[in-house]
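Please examine the structure shown here with its pockets in mind. The paragraphs that follow lead through them in turn.

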Amino acid sequence: MEEVRVFPLTCAVQNYAWGKLGLDSEVAKLVLGGDPVAVVEEGKPYAELWMGAHPKGDAQIKDNRIAQTTLGEWIAHFPACLGSKVKDTFQGQLPFLFKVLSVNTALSIQAHPNRELAARLHAQFPEHYPDNNHKPEMAIALTRFEGLCGFRPAEEILGFLKSVPEFRALVGNEAAEELRCSVGNAVHTGQVLKKCFTRMMNCEKKVFVDQLNMLVKRVTEDGAAGKDTSSSIGDLLLRLHSQYPGDIGCFSIYFLNHMLLEPGQAMFLGANEPHAYLYGDCVECMACSDNTVRAGLTPKYIDVNTLCEMLNYTPAPASSKIFPCVQDASDPCVSLYDPPVPDFSVMRIQVPPSVKQYTVAPVDSASILLVIEGDAMATSVAALSDITLSRGTVLFVSANESVSLHVTCPSGMTMFRACCLL
């Protein structure tokens with residue numbers, strides 16, 4: 001097995017309730033090749049495709065010469081496949097987890113801890129925080145993708161405090177006025193934002209449920225009367241309330257930027273960045289961790305005090321939350337998303353119809369290659385045999401190995417590649 005350094009993976013599907021059903025789900029399309037009968041018979045939401053070696057969803061190696069083996073077990077036997085820098089830096093572990101997400105209903109108000117907080121939470125509450133690693137992550141839109149990310153500029157929040165009295169009732173007049181007076185002083189604004197958000201999130205349940213019901217009633221009646229409800233973000237409010245009635249997270253839309261990503265656009269979510277995914281399909285890459293601190297729009301465990309204490313309260317406009325990609329100078333087919341963390345980078349590879357022979361270049365890191373669209377025959381001296389690539393094929397490529405593609409699809413190919421560029 002040691003000489004085989006490029007091989008297909010069978011990856012884990014997570015059927016979380018917030019996922020999409022049927023062929024609306026990009027995860028289902030990739031896993032099942034677009035077969036509608038298979039999707040209907042499964043009858044489960046296809047929420048996440050996990051491509052990596054995390055214990056919760058370790059990929060399986062496809063090789064008929066050996067008994068079933070997980071990617072994590074294989075890497076433990078042959079750590080050199082990671083590349084020398086990656087192996088030494090991350091103690092012989094694949095440092096990233098690669099995913100595809102198909103989001104149908106909102107996916108929790110949440111943030112991810114830094115290394116220090118992750119270790120402390122895991123030690124104190126291992127049942128809720130299953131490992132001690134941090135979890136910076138990046139989402140790259142496959143379809144139009146909707147989410148919340150980071151605190152809005154203070155002026156926008158003040159606008160909602162003025163136009164949404166139910167929201168102001170939860171924050172309180174004193175804190176709202178303090179926020180108004182803080183504008184222009186960035187440090188003070190962050191401190192007051194923390195006070196405002198914490199007051200709202202810790203509000204007595206009966207109080208916020210009553211205010212939410214009043215708000216929903218008012219927005220519903222205004223909408224029925226043909227009035228403009230945009231000053232209350234009425235459409236989004238009603239949608240979140242229909243998914244999570246009586247949930248304090250419905251009010252978070254007045255604090256957090258509402259993001260609409262077009263395909264290819266990305267968000268980077270560093271430690272302590274408040275966010276939520278609302279709808280759409282994306283490729284996601286993160287440090288190899290499953291640690292999430294949640295406080296709303298979820299049936300899962302919530303930890304309001306930890307979330308409010310840990311968050312980054314620096315306000316910034318939505319446009320600043322879009323993470324840019326950079327064209328690879330050596331390969332016009334590659335766009336690189338390279339976040340400010342060592343654990344992972346993502347390449348989007350778009351092979352145009354005019355190119356029939358393409359080489360996936362070697363890098364000094366193990367990588368995982370996902371085919372989104374297109375067909376090809378892949379050859380590599382490190383593979384047991386030629387590998388047929390089609391939508392949903394996932395390849396593990398060891399460090400410093402290249403893969404040659406004979407593209408057979410007349411419309412070209414789209415692929416994503418996760419790796420660790422130290």
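A pocket here is an open set of points on a 1 Å grid over the protein atoms alone, where a 1.4 Å probe fits and protein lies on both sides within 12 Å along at least five of seven lines; lining residues have an atom within 4 Å of a point. This is a predicted model, in which local features need pLDDT of at least 70 and side-chain atom pairs count only at pLDDT 80 or more, while totals for chains, interfaces and linings use all residues. Residues are numbered from 1 along each chain as its sequence is written, and side-chain values use heavy atoms, without hydrogens and water.

The second largest pocket holds about 300 Å³ of space, the volume being that filled by probe spheres set on the points. Helix α3 (residues 71-77) gives the largest share of its lining, 3 residues; helices are DSSP runs (H or I) of at least four residues, and strands (E) of at least two. By class, this lining has 8 nonpolar, 7 polar and 2 charged residues, with Asp, Glu, Lys and Arg counted as charged.

The largest pocket contains about 430 Å³ of space. Among its 29 lining residues, Tyr16, Trp18, Leu107, Arg294 and Lys300 are the closest to its centre. Two or more lining residues come from each of β3 (48-51), β5 (96-103), β6 (107-111) and β11 (275-287). The lining comprises 12 nonpolar, 8 polar and 9 charged residues.
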